[in-house]
Amino acid sequence: MALDRIARKTLGSITTSDAADYRDRRLALVSVDTVRRDLGTLQHVWDVAERSWGLVGAENPFRLILKPKPGPGRTRRLSEDEELRLEVACNACRNKAIPLVVTFALETAMRQGEIVGLQKSDIDYEKRLALVRISKNGRSRLVPLSGRALEVARCGADLSDDTRVFATTTTGVKMAWKRILRRSAIEDVHFHDLRHEAISRLFERGFSLPEVALVSALG
């Protein structure tokens, strides 16, 4: 692994050359964004050691080296034909919660983990709201629900025999998604692209940037 060589050294003995070597070897194995996250974590570890553990000496080598530039953001949109094929492939899933999760993602711009984490008590059918208890930013938020999203939530709750709205897990969705893509013969579509699609549709419906950011926890 790329980390092996640097892991044999004590924190205080790591130089900028070591950090740059780690960066370059890691880039040969994983994406640019993963390397940037890894370097950020190691930079933070050094900072904590300096502030809290009494590490003294050279400057933080992970702060000094050049970071790879972030990769281009994905702009994958679904065509009408792809969305139809996706729907057909979803409906072939044995777990009937899966097509509901996919539709809910397209209707709400919620993340996969947020959707499968929804509890039945989180849906307010009168106010047409879903409570996301913990977002990626660590805060809760209320997501307005379209008529179709409300219907999907009701169907999911009726099928679920526990407290969850949708009777599946993140692992279950990931495994099902791979089979869905094979059945539909759609290439280069991630589940997270459904969120991008939903956000794009909000803008197309006339929502302003602050409104979309509030609904989707954009960023």
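## Helix α9: length and faces

In this predicted model, α9 is a helix of 15 residues that reaches 21 Å from its first C-alpha to its last, close to the 21 Å expected at 1.5 Å a residue. Which of its residues are buried? They are Val173, Ala176, Trp177, Ile180, Leu181 and Ser184. Looking down the axis of α9, you will find these buried residues within an arc of 145°, so they line one face of the helix.

As for the buried residues of α9, their cover includes α5 (80-91), α6, α7 (112-116) and α10.

## The loop after α9

Just after α9 comes Ala185, with a positive phi of about 60°, although Ala185 is not a glycine. Ala185 belongs to the loop between α9 (170-184) and α10 (192-204). Is Ala185 buried or exposed? Its relative accessibility is 53%, and over 50% counts as exposed.

The loop between α9 and α10 also holds Asp188. Asp188 is not a glycine either, yet has a positive phi of about 55°. With 48% relative accessibility, Asp188 counts as partly exposed, because that class lies between the 20% and 50% cut-offs.

## Helix α8: length and faces

Now for α8, which covers residues 147-159. Its 13 residues should span 18 Å at 1.5 Å a residue, and the end C-alpha atoms are 19 Å apart, which agrees. Buried in α8 are Ala149, Leu150, Val152, Ala153, Gly156 and Ala157. Down the axis of α8, the buried residues fall within an arc of 160°, so they line one face of this helix.

Glu151, Asp158 and Leu159 are exposed on the other side of α8. Among the elements that cover the buried residues of α8 are α6 (97-108) and β1 (123-124).

## How α6 meets α8

What angle do the axes of α6 and α8 make where they cross? They cross at roughly 150° and come within 9 Å. That makes α6 roughly antiparallel to α8, since angles over 145 degrees count as such. The crossing in which α6 passes α8 is left-handed.

From α6, the contact is made by Leu100, Thr103, Phe104, Glu107 and Thr108. From α8, Arg148, Ala149, Val152, Ala153, Cys155, Gly156 and Leu159 take part. Ala149, Val152, Ala153 and Gly156 are among the buried residues of α8, while Leu159 is exposed.

Note on methods
Residues are numbered from 1 along each chain as its sequence is written. This is a predicted model: local features need pLDDT of at least 70, side-chain atom pairs count only at pLDDT 80 or more; totals for chains, interfaces and linings use all residues. Side-chain values use heavy atoms; hydrogens and water are left out. Helices (H or I, at least four residues) and strands (E, at least two) are DSSP runs, numbered from the N terminus. The expected span of a helix is 1.5 Å times one less than its number of residues. Buried means under 20% relative accessible area, exposed over 50%, partly exposed in between (1.4 Å probe, protein chains only). The arc is that of the directions from the helix axis to the C-beta atoms. Contact means heavy atoms within 4.5 Å. Axes are lines fitted to C-alpha atoms, for helices over the stretch in contact, and angles run from 0 to 180 degrees between N-to-C directions. Angles under 35 degrees count as roughly parallel, over 145 as roughly antiparallel, 65 to 115 as roughly perpendicular and the rest as oblique. A crossing is left-handed if the near helix is turned anticlockwise from the far one by less than a right angle, and right-handed if clockwise.
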